[in-house]
Amino acid sequence: MTAQERADKAAMLKSSGMCNCCQAVASVFADTVDLPPETLSQITAGFAVGMGTMEATCGALIGASIIAGLRSKGNGTVRLSKQILSSFKNKCGATICNELKGVKTGKVLCECSECVRNAVLAAEEVLK
């Protein structure tokens, strides 16, 4: 699957309501990690809506970092996550859910489906 196909599939999963942002990102990488898809979905279930309050890191970005940890087997994951975060921020304009959604400013920087798409693309760039 190409990076764009993964990104499109993740955006569709989020838009359909089948997954939260974190689950949508992680699920499209299920074929690249050593975990059953159901377990991956369970692990990522709690990272929705900026960890439930829109005050924290975007769930899509968390999903990409979880995949980085699994793919790297924990070796250098902090460095990889930092690179993913930087790419995501360049694409989306922020990394915190409420900033992305414009809660305080009224200006949406990036819709959820685009955050999901951009998190997948950032992960693909860094983890290739």
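Helices here are DSSP runs of H or I of at least four residues, numbered from the N terminus. The model is predicted, so local features need pLDDT of at least 70 and side-chain atom pairs count only at pLDDT 80 or more, whereas totals for chains, interfaces and linings use all residues. Residues are numbered from 1 along each chain as its sequence is written, and side-chain values use heavy atoms, with hydrogens and water left out.

Helix α6 covers residues 77-92. Its 16 residues should span 22 Å at 1.5 Å a residue, the expected span being 1.5 Å times one less than the number of residues. The end C-alpha atoms are 22 Å apart, in agreement. Just after α6, glycine 93 adopts a positive phi of about 95°.

Buried residues (under 20% relative accessible area, 1.4 Å probe, protein chains only) in α6 are Thr77, Leu80, Ser81, Ile84, Ser87, Phe88 and Cys92. Seen down the helix axis, they fall within an arc of 130° and so line one face of α6. The arc is taken from the directions from the helix axis to the C-beta atoms. These buried residues pack against α5 (59-72), α7 (97-100) and α8, with contact meaning heavy atoms within 4.5 Å. The face turned away from the buried side carries Val78, Arg79, Lys82 and Asn90, which are exposed (over 50% relative accessible area).

Arginine 117 lies in α8 (residues 112-127). Not counting residues up to four places away in sequence, arginine 117 touches Gln4, Ala7, Asp8 and Ala11.

Definitions and conventions. Helix = DSSP H or I, 4+ residues; strand = E, 2+ residues; numbered from the N terminus.
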